[in-house]
Amino acid sequence: MEYPSQIVKQIVEGFSRLPGIGKRTATRMVLNLLKQTPEEIDELGNLILKIKTDIRYCKQCYNISDTEICSICGDLSRDKT
């Protein structure tokens, strides 16, 4: 598929590396992003970066969490047995 821009092509290729996202879906996503405001794009970009900087695994159950101990394991009313 021909793309009008190398940047668009690279972003489509990046999205299509995600599971379940083919080239056509990735192209639709990029075309939709082109309609977004710079602020909306910045917000999305920052949220994606937070996956690596702020998300971790709970030290007790290894569930995805944004704290050392997830909200389930940290619940004081939870039966620990």
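## Nonpolar surface patch

The model is a predicted one. The patch covers about 760 Å² and consists of L44, I48, I51, I55, Y57, Y62 and I64.

I64 sits in strand β2. With a relative accessibility of 55%, I64 counts as exposed, because exposed means over 50%. Y62 is located in the loop that runs between β1 (56-57) and β2. Its relative accessibility is 61%, so Y62 also counts as exposed.

## Backbone at Y62

Which residue other than glycine has a positive phi near 65°? The residue is Y62, placed in the loop between β1 and β2. Most residues other than glycine have a negative phi.

Helix α3 spans residues 38-53. P38 belongs to this helix and is exposed, with a relative accessible area of 56%. What distance separates the C-alpha atoms of P38 and K52? The separation is 22 Å, for two residues 14 apart along the chain.

A negative surface patch is also present, made by E39, E40, D42 and E43. Of these residues, E43 is placed in α3.

## Nonpolar core

Six residues make up the largest nonpolar core: Y3, V8, V12, F15, A26 and V30. Helices α1 (6-16) and α2 (23-34) each supply at least two residues of this core. The greatest contribution is that of α1, with three residues. In soluble globular proteins, nonpolar side chains tend to be buried together.

Is C73 buried or exposed? C73 is buried, because its relative accessible area is 8% and the cut-off for buried is under 20%. C73 lies in the segment that follows β2 (64-65).

The C-alpha atoms of C73 and K59 are 9.3 Å apart, and the two residues are separated by 14 positions along the chain. For P38 and K52, also 14 residues apart along the chain, the C-alpha separation is 22 Å. P38 is a residue of helix α3, whereas C73 falls in the segment after β2.

Note on methods. Residues numbered from 1 in each chain as written. Predicted model: local features only at pLDDT ≥ 70, side-chain atom pairs only at ≥ 80, totals over all residues. Heavy atoms only, no water. Patch = residues over 30% accessible without salt bridge, like charges linked within 9 Å, V, L, I, M, F, W, Y side chains within 5 Å. Areas by Shrake-Rupley, 256 points an atom, 1.4 Å probe, with all protein chains shown as cover. Salt bridge = Lys/Arg side-chain N within 4 Å of Asp/Glu carboxyl O. Lys, Arg positive; Asp, Glu negative; His and termini not counted. Charge placed at Lys NZ, Arg CZ, Asp CG, Glu CD. Helix = DSSP H or I, 4+ residues; strand = E, 2+ residues; numbered from the N terminus. Core = buried A, V, L, I, M, F, W, Y, C linked by side-chain atoms within 4.5 Å. Buried < 20%, exposed > 50% of the residue type's maximum accessible area, 1.4 Å probe, protein only.
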